[in-house]
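Hi there,

Here is the structure I promised to pass on to you. Have a look at it first, and my notes follow below.

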Amino acid sequence: MLRYIMRRLGGAIPTLLIIITFSFFMIRLAPGGPFARERKVPPEVEAALERAYHMDEPLVQQFGRYLWGLAHGDFGPSFKYKDYTVADLIAQGFPISLQLGLMAIVLALVVGMSLGILAAFRQNSAVDYTATGISMIGLAVPNFVVAPVLTLVFGLILKWLPVGGWGHPSNYVLPVIALSLAQIAIIARLTRASMIEVLNTNFVRTARAKGLPERITIIRHTLRPALLPVISYLGPGIAGIITGSVVIEQIFGIPGIGRYFVQGSLNRDYTMVMGVTIFYGVLIIFCNLVADIIYGLLDPKIRYD
Amino acid sequence: MKRLIAAVVVVAVVVVGFILYQNSNKPAEQAATAPATTNETTTAPAATTEQPAATAPAATTTQTAAATPAAGEKVFRRGNGAEPETLDPAKSTGVIESNIQYELFEGLTSYAPNGELVPGAAEKWEVSDDGLTYTFHLRANGKWSNGEPVTAADFVYAMQRLVNPETASDYAPIADFIVGAEKLRKGEEKDFSKLGAVAVDDKTLKITLVKPTPFFPAVLRHSSFLPVRKADIEKFKQDWTKPGNLVGNGAFTLKEWVPQSQITMVKNPNFYDAANVKLDKLIYYPTEDLAEEFKRYRAGELDATYEVPSEQLKTIMETMKDEYEGKAYLGTYYYVINLTREPLGKQKDLRKALSLAVDREALADQVMQGNYLPGYSWVPPGIPGYTTQTLSFKDTPQADRVAEAKKILEAAGYGPNNPLKLDILYNTHEGHKKVAIAVQNMWKQVGIEATITNQEWQVYLDTRDNKQYDVARAAWIADYADPLTFLDLFLSDAGVRNDAGYNNPEYDKLVKGSSSAATPEERMKMLSDAEKIFLDDEPLIPLMYYKTKHMISKKLKGWEYNNLDFHLARYMSVE
Amino acid sequence: MTQAEFTATGSVVAEVKGRSLWSDALRRFRRNKAAMASLVLFIIIALTCFLAPHLGLREREFIDYSRILSPPDWANGWYFGGDANGRDLFVRTLYGGQISLTVGFVATFVSLIIGVSWGATAGFLGGRIDGLMMRIVDILYSLPFIFFVIMLTLIWGRNILLMYAAIGAVSWLDMARIVRGQTLSIKRKEFIEAAHASGVSSARIIFKHIIPNCIGPVAVYVTMTVPSVILTESFISYLGMGVQEPNSSWGTLVGDGKDVMEQLPYAVLGPGGVLAVTLLCLNFIGDGLRDALDPKDR
């Protein structure tokens with residue numbers, strides 16, 4: 001197992017390098033630059049700005065400079081937020097995004113799996129349709145619509161929860177719900193489908209025929225195999241949450257790094273975009289690794305050497 | 001089975017571990033609260049009744065938007081648009097940054113609540129007879145927040161830094177009024193002592209101008225001229241604007257800056273007028289989503305907003321009218337025409353037809369729901385001493401205007417079989433979209449086929465700079481309360497700033513000549529005449545004037561309307 | 001195997017055709033009420049959207065200032081009321097549907113082609129080529145998808161066609177994985193060996209035997225992809241980078257509507273409702289297809 005992990009981590013490095021190279025050159029392809037303003041910048045000022053940010057050097061040299069900085073943990077200065085370096089901003093925002101994302105995925109897993117299992121056990125009954133119906137909300141309504149509706153109902157009309165900000169546990173409730181809905185839907189369906197499949201297998205039939213109490217049948221025999229597809233889904237699930245967080249953070253005024261990505265792209269804040277991209281890349285690689293490990297722990301057919 | 005348990009345990013440990021780590025590890029807030037405790041215990045302000053014990057819960061409540069301030073503490077919570085790009089006065093360009101900077105620093109001159117020019121760090125000044133030399137006398141009791149006195153040398157340093165090309169300041173050209181500034185910022189002159197700003201002694205500053213500029217004290221209010229301390233900048237370099245490092249001479253000091261979340265400022269006990277400052281704390285929030293900002297205001301989480309979404313105006317007028325401030329602001333919203341392109345470039349009549357066909361009242365009142373005022377001139381009204389010009393057809397009813405527009409188009413050979421085609425460019429924004437759609441429709445009524453294109457900000461700026469458009473949405477906000485800030489945009493040698501490509505020697509003569517006018521009245525008349533020439537040439541289509549748009553909580557006192565929309569918290573209080 | 005039926009008088013009545021697996025599946029699908037109802041509803045919605053110009057409705061660009069944010073007025077044909085510009089929201093919803101549906105299907109089609117070819121080839125060829133191809137998939141998987149789409153949109157401007165391509169180009173990864181998985185498991189089955197032994201060419205095996213057997217999971221995946229593509233498109237449009245004026249999509253309409261939710265709930269309920277119903281229909285159709293094609297999962 002350890003060797004497997006080492007190998008995976010080793011394989012992640014070329015992946016990261018490709019991500020870095022790709023994003024570096026790609027964002028510079030977009031038209032416009034980081035220094036444009038509606039009040040025109042005098043040419044001397046523009047020249048001075050370019051010098052200050054090393055943008056007057058050939059592209060390859062800039063790239064080398066960036067890699068060197070990365071090796072030292074320096075992501076470069078933010079082009080737009082001049083008082084901060086990208087590392088500062090990411091260090092401040094990432095724990096918050098992480099917190100939000102983790103809560104969302106945990107909620108999605110708990111609620112999604114519960115709904116899915118419930119629906120599978122009462123297949124084609126009213127319970128099944130209701131549970132499936134609830135989970136469908138996440139699939140049918142975009143999260144940037146759900147969020148304002150939630151703030152309207154719970155923040156303004158019922159006045160139970162705050163409308164914006166971050167820091168107090170009551171701030172967490174609405175954004176986490178809005179963010180997790182789409183994933184709840186997908187996880188519920190996955191769980192339901194795989195649970196149904198497992199319930200119809202021979203070994204479950206055998207267990208029941210043997211007279212095992214239903215509870216033991218469920219816990220010992222069906223849960224593990226039913227969970228496998230859900231675990232495999234974790235990687236894309238987290239990617240989905242990252243995507244959703246971009247909008248949710250903006251709507252609720254949460255100081256995470258999701259907003260930096262879109263704004264960075266629109267502002268042509270090159271270093272910011274690259275910093276966030278690399279961060280997300282690392283995160284996704286890591287999550288895939290963890291998901292595969294957990295999968296390996298759960299599935300006796302898989303042996304990692 | 002054991003492996004299942006193992007897997008669940010692994011996941012649970014990872015998840016719980018992260019959440020615990022996050023909650024225990026808040027170094028920024030903890031470090032910021034340490035100085036806060038000492039600040040608050042050393043202040044002896046007349047108005048507040050807070051106890052030191054109250055600062056402990058205050059530490060956590062700074063993070064929360066929803067929590068109410070600690071008992072007795074007066075806090076002003078303001079929506080401030082977007083995250084500031086920088087707090088360095090020499091490098092910032094926007095109103096968002098200025099709002100914060102005006103709390104932390106004070107320039108030679110400053111703003112009264114109603115916008116009038118009042119002495120700031122300088123308590124009085126004299127002008128020489130030829131109007132070229134100003135002598136400023138700084139206050140004896142002016143101090144920085146660390147207790148050191150404010151000196152003239154600080155202002156000299158700030159101005160030299162502003163024009164230094166290495167600082168790469170976008171707004172350096174605003175200093176061009178001062179002798180030597182233009183050469184220095186272009187790098188043609190390297191000796192900064194040649195700048196016409198000299199510290200005669202610690203409290204006396206002498207500034208020499210290129211030509212007489214009667215509104216110069218008003219120019220000095222601009223955030224680019226705020227003083228900064230050489231010692232701090234040299235010591236902290238890039239980090240000098242961070243809380244704990246930033247030393248300012250304003251009514252408040254910077255306590256905490258959580259990017260994308262909030263900026264917290266507390267009262268500066270060393271401010272010379274601290275006795276009259278009634279607020280203990282300011283919290284400024286970046287509020288980009290206007291609809292959400294409005295919701296937060298309604299929930300009681302904000303005392304003042306940055307803007308007001310136009311869709312909500314009808315509801316506001318019906319239910320919250322006395323909390324809404326919406327008055328004239330020195331800004332013009334217009335469509336600039338690319339004068340280097342055919343056929344609009346050569347045919348003034350066609351441009352006039354375009355202008356005639358627009359129903360500005362409908363735009364301002366219905367499309368924008370009253371969030372703007374109809375605009376018929378380039379320089380907006382409200383500058384004292386200046387006679388606003390208007391387009392010649394302002395008093396003609398809209399139906400007649402449309403008829404005249406149709407006639408002009410026909411005479412030029414356009415008709416249903418040969419419609420005039422053009423493209424309207426605007427940058428991605430809800431409001432601009434609405435205006436473009438409405439104008440497109442209005443032009444359709446007179447037979448013009450317009451397409452609308454939107455580009456995101458950077459690309460849009462590029463397109464305008466390169467003159468690759470037919471008609472583009474544009475806006476200009478005054479830097480200071482004088483018509484020149486609008487009129488000098490279209491001087492033929494204004495370079496890239498004159499993106500219409502306007503060139504009229506008569507106009508140039510009047511605008512440039514105004515600085516040699518004998519009296520202020522004559523000067524204003526020359527500028528007014530210049531604007532008349534400009535409007536008659538129809539180089540652009542003024543559409544609307546901006547309004548200040550804020551929701552102001554009834555609990556907030558001391559916020560007054562002024563047409564530059566700068567409101568300093570030192571005059572305010574909350575109940 | 002056909003059977004001839006003899007009636008009492010001895011004449012031959014119509015042959016009873018053998019039932020193929022496809023017709024079995026069709027019957028099962030037909031019996032699934034939810035799926036059938038969804039299919040019908042979806043067709044109605046799609047037809048209404050694409051036939052909108054011929055339905056004698058108000059023009060899309062027609063502006064009536066007095067109708068800004070006005071509630072529905074069935075008497076005068078403003079079924080969803082007026083939007084923030086005074087335009088007929090119902091008409092805009094229909095035209096928006098054209099774009100949303102087109103984006104959904106075209107992008108899914110693109111991702112289908114790329115994904116299936118990639119996955120089947122990798123699975124079938126196996127070995128190092130499979131390893132390499134899947135490695136590339138892994139790398140692409142690690143790039144935040146949103147990054148790609150935003151970058152591509154920025155670079156190529158607001159070309160709708162390119163947007164379909166961009167969304168399709170980043171959605172094929174799952175498809176490839178699924179198809180590869182299926183291919184791997186089918187590859188080992190006896191009938192493939194038999195085909196090999198009979199001398200059938202590899203290409204023919206891929207296209208005649210493997211791909212048809214993948215259709216089950218692929219079809220299900222397609223019906224799950226279309227809604228997610230439509231949601232992605234609405235997300236990008238909400239950020240301001242997708243569909244531009246004067247065109248609209250359900251995403252832009254809902255995004256615009258959420259800001260005026262309180263004044264006019266229909267601004268969200270109208271296009272949002274249609275969007276939600278369409279997506280639900282697609283999901284039910286997908287479920288029905290899956291149930292029909294794979295009876296074990298019933």
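Between chain A and chain B there are three salt bridges, counting a side-chain nitrogen of Lys or Arg within 4 Å of a carboxyl oxygen of Asp or Glu. In one of them, B:Glu85 pairs with A:Lys80, with N and O 2.7 Å apart.

The top contributor is α4(A), with 10 residues. Helices (H or I, at least four residues) and strands (E, at least two) are DSSP runs, numbered from the N terminus. By class, this side has 32 nonpolar, 14 polar and 16 charged residues; Ala, Val, Leu, Ile, Met, Phe, Trp, Tyr, Cys and Pro are nonpolar, Asp, Glu, Lys and Arg charged, and the others, Gly among them, polar.

In total, 62 residues of chain A touch 66 residues of chain B, with contact meaning heavy atoms within 4.5 Å. Together they bury about 5,800 Å², 55% of it on carbon and sulfur atoms. Buried area is the accessible area (1.4 Å probe) that two parts lose on being put together, summed over both.

A word on the basis: this is a predicted model, where local features need pLDDT of at least 70 and side-chain atom pairs pLDDT 80 or more, while totals for chains, interfaces and linings use all residues. Residues are numbered from 1 along each chain as its sequence is written, chains are lettered from A and ligands numbered from 1 in written order, and side-chain values use heavy atoms, without hydrogens or water.

Chain B also meets chain C, through 24 residues of chain B and 21 of chain C. That pair buries about 2,000 Å², 45% of it on carbon and sulfur atoms. The one salt bridge found there joins B:Lys433 and C:Asp256, whose closest N and O atoms are 3.6 Å apart. On the chain B side, α14(B) gives the largest share, eight residues.

As for chain B itself, DSSP gives 18 helices and 18 strands.
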